[in-house]
Amino acid sequence: MATELGELYGEPMTEELPSFWQQFEQSVIKYPENIALASTHQAANLFSLQSEPLNNEKTLYSAVDSMTISLQNLGIKKNTPLVTFFQNDTEYVITMLAACRIGCTIAPINPRNVENEQEVIHMITAVRSVSPDHPIVFVVGSAALALQVDSLNGLRSDIKIVVAPVAPKGWISFEELMKRKSDSSMPLTGGCPDDRVADVILFTSGTTALPKGCIWTSDVFSTFIKLRLANTDAIKSGDKVCIVVPNNHALGCVLLACSLVTAATAIYPGPTFAPDALLSAMRLERCTHTAIVPTMIYALLAVGANKEFMTDHLINVVVSGASVTPEVLDLCRHGLGTAGVENAYGMTEGVLVCTGNQRDPSTILSGNDVAAGWIAPGTAAKICAAGEKTALPRGQAGELHFSGRTLCNGYIGIEKPEFYVENGKSWIMTGDQAIIDDQGRIFLVGRYKDMIIRGAENISPAAIEAALGKIPYLAALQIQIVGAPDHIAGEVPVAVVHGEVTPEISMNIRDAIIDSMGTIYAPDEIMSLASLGLKELPRTMSGKIQKNKIAAAVRQNYLVRKKVSSNGTHGYLQNIVKDIWARAVGREPDQLSLDDQISDFADSITVIRVRDRIMRETGKTLSLSEMAGAGTLGAQIKLLESATIDAKTSVPKQRVVREGPPEIEDMAHLIEEPELYDATKDLVERTISPFGFAWDDVAEVLPAYDFATVLSNTHIFDSWNFKMALLPKKVNSRELRKALDTMLRINPMLSSFLVWDEKTLESDLGLHITIKHSEKLLDQVIEHGGTLKTLNDLKALTLKYPQPTHATFPGLLYRAIIYDIEETGGSALLHNVNHAVIDASYAQIFLEDFDRALSGSDKVHEHMDYKLWADSYSGLRSSPAAKAATKWHVRRLRGLGIHQKAIFPPIPKRAAWNPFLEAEEEDGFQHSFEVSDLPVLRKTYRDITAPIAAKAAWALLNVHRTKHTHALFANLEAARTTFPFVPKAMEAQFEATDVAGPTIQSVINLIKVNPQETVIAFLHRMQEDQTNLTKHASAPWKEIMAALGPDAGKLLSIVTQAQIFNWVPEMGTTGTNPFSHFEILKAVVRPEVGLAVNAGLGGKESGTMFLHIRGDGLDFRALQEIAYDLEKIIRWIVAPDHWNKAVDGYLQSLTVS
């Protein structure tokens, strides 16, 4: 009996297929009222498309008609090459359809490619070569992209179109083209002429250093559509197709086309993949189909999909782009809740193998292997020995060869050894190792080619090696790039070095790759040959490097060293933790090594904030002692791997929502004095009634902590408001209000009141009043300010706020004004928050909530209820722990009254604060400088933190200016390590990082400067003092003031008005945007303080000091002098030659110009 060969031939497909445009036009005729497109992250009335929030086919067709006419008027015609740089949005769909209608050659390119100049120029040159006699057209998605394209050397375009209300010079506004009304020149019947068929050019990375262009003819495109629609549970009219794959990706291209030709709804949940936005869109729009890669699945589950997503509407999930495991299939079905799942294997060259939708995935499993699928009609496959073209026996592994009507005719301008013709059929050698089993299923078992597939991204090792080869000292290391297994991404690049791998070499390799190619090409790890058990690079007899042996050694090393955690989240977890840390300290993720000591670039406040972000984004958490004790980034990640998702403390976070207003037992200040209930109720009603609220509208009445009470009733807080101009990514006013609604629902402290009345309450206690969330509350908090012409007009309002009484005492203490901006075509936000309900840490919390709400998700995380923190503070402020903290402050401040000479600068005479006055444009003086010796100091004395170097210099500068023996100033403490005064055994259960309200404290520094004390001894003393200041930061201010006596006690608030030192860890991230869906255009805080310094670290090695000096006690020139003197003292202190010298030597630094 003859051995069956490993080859498969699908049913013949000879029929002539209509073009994509013809199919789309027929769907418009047949289903004119069907919803065609929902781009949920864009304005509902974009380009006057009337359906809200979706666009029906007839309306979309009209938009395409307008664009078609405008493009033709520009001279664009059949075969004109049209290059797009778009994320997934409406403008891309309109452009693509109009280009198809005209018969252009369309080349979608990912906007990220613009960052790699050599690569993008090569791609565009390839496109131009296809139709050299035609002009080339660029259509880009933003003005920023337009400027990037213009900066590319030697790149010429004849026609340039940009999505921007004001187009840069040489560009045409997309919006202007859309204003051209449709006419009857191209009627809604009959399709376009036969010769107006559009080709598509898609690019894929190859084994060369540059991408390869593949031309999908109209017939290839139509064949892909037909084969996709022939599958079980294929897309049909009325379905909802959620698309997160980029439009320049083959699968994203085909999925959109299938939606449009069937009159299904194509849904873009965001410009790029975002887990929250995807889940929200799939749930709200009741999506039936989607396509994702395994990386995305783990990201979705990390934000809780399996808990809230199980529905009956998801029919088919296509998994593609990386190695698929049985676990991935199971997560799709039982995590995402899909009825069926499909594995699809493809290549941009036109290879297509898929399983079709499987409601019983066991049909495509063989042990732990998942079939790539069966052969489709009009296609063929065979398994051959490497370098051969004859089929091997079935069941034997070999290289997969593919043929079919979907196959492109080679690469543009590149010799094509992997393409060949046999018996009149075109074939491609895929480079993938596969087996055909006895059921005709194709299983991928390995790879012959070097390509690394990271998620859905093709990464060329040769391209990375070429970039490194341009740098002589790196080229000498003979660096080899190979793929290593990653459970989430499929594969990641690893660099193997011939020689020792030092931290400097690792940094240089990563920097070289990131600078020339981008972060996704950066190696996951840099390894030496010796670490792989190799003495030399393995070579063939002819001297060629055997990369397959290096790759095998790396894979074995990974399997031994990098055990994937049982819940399968290692790769995703590592990436997200590095990304969070990078954003927090102003670096690129690939500038952080897993071996980096966290204490070298972050202080305790940064650790607290990062821990909170990790908890929000992964559902996993560590205690603060675990975070601090881990030491390195890698050790933190290892601890997080073993933590369970949704680990919770025993303290409930969710707010108690009662039916009626609070009773006596609900208000902490009435526990000992219940007789004050009526007085409290009367005071509250008098406070809130001007806003239309009554007692029944009250959610909570809770005590204000000492610092907030003192600074409020002494009117210091009057001038401390935060005013911010926020620009979301193209939303309308209705969507912006909805996002505010979502954010405010879980942040009730913002839209609250603060009132004090010593006569009514028989004490100087302040009371916070929160209001039940309702439309009535939103109507009071949010208003529409009308239309502004430009973003600069919006920024100007932060200085000249239009409603001076907003966010003033007694409340409401948060107000928001929404404006429509003509320049952007969207809406933006001006908000104003009183410092009594916010501090810097809480601002980050609620802004992250706002960011998440703007993504379209109505699922935002509850925070630690502020009432728990406030009631705890009130109940424990007289506890032994609170008394001990108070005594510590009193002991160090005893005799404060004799140090009034140390108050600097003298507090100027100030009139009563007037909210109607405009703020000055100039906000002090900002300065930055390199402190190269600071990292040396930190590594030598790990107990001395970076803020201490700046604070010690600040103390010396004070003594120099006042000629006093002591420095006297306030500094601000976040006080978010734990709830104040709880017993030590309970601290882990009462962490304060996520408390939804202010916890900030001001502590008074009285620092004696001993001239003959050595610098290092001074720094150690300052560090010890700071450790205790942080430990006892929450000591009740009023108790300290009482213990010091009336004269010295009142100096606490006077010193706070005179001078403040504030360490801002994220200050070094200036210029980066930590938010995904909005940016802060301008933030203004103008506190009436004589002198204040904000200091922080940033830069590549955390060696750049950033200063912001301001205050109303000195003029601008004096503030500059303060900054320059502070720089000199800091540099002098951290210099190793000065560590053992007397501290008064700093005076020498001030004599240097």
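I began with helix α23 (residues 733–745), which lies across β30, β33, β34 (814–821) and β35 and runs at about 160° to β34. Contact here means heavy atoms within 4.5 Å. Angles run from 0 to 180 degrees between N-to-C directions, with axes fitted to C-alpha atoms, for helices over the stretch in contact. Helices (H or I, at least four residues) and strands (E, at least two) are DSSP runs, numbered from the N terminus.

A note on the source: this is a predicted model, where local features need pLDDT of at least 70, side-chain atom pairs count only at pLDDT 80 or more, and totals for chains, interfaces and linings use all residues. Residues are numbered from 1 along each chain as its sequence is written, and side-chain values use heavy atoms, with hydrogens and water left out.

**The sheet**

Next I looked up the strand order, and I found an open sheet of five strands, β33-β34-β35-β30-β40, with mixed pairing. Two strands pair if DSSP finds at least two bridges between them. β33 (782–788) and β40 (1078–1084) are at the edges with a single partner strand each, so one side of each has no neighbour in the sheet.

I then checked individual pairs. β30 (residues 722–728) and β35 (residues 826–833) are antiparallel over five bridges, and K723 has N832 in β35 as its bridge partner. Helix α27 (residues 840–854) packs on the sheet and touches β30, β35 and β40. β33 and β34 run parallel, joined by six bridges.

**Salt bridges**

How many salt bridges does the structure hold? I noted 31, each a side-chain nitrogen of Lys or Arg within 4 Å of a carboxyl oxygen of Asp or Glu.

I picked D764 and K1038, whose closest N and O atoms are 3.1 Å apart. D764 lies in the loop between α24 (758–761) and β32 (766–771) and K1038 in helix α33 (residues 1037–1044), so this pair ties together parts 274 residues apart in sequence. Are the two buried or exposed? D764 is partly exposed at 35% relative accessible area, while K1038 is buried at 18%. Buried means under 20% relative accessible area, exposed over 50%, and partly exposed in between (1.4 Å probe, protein chains only).

**Confidence**

Last, I looked up pLDDT, the predictor's confidence in each residue, from 0 to 100. The chain has a mean of 84, with 86% of its residues at 70 or more. Over residues 50–55 the value is below 50. Where pLDDT is low, the predicted coordinates should not be read in detail.
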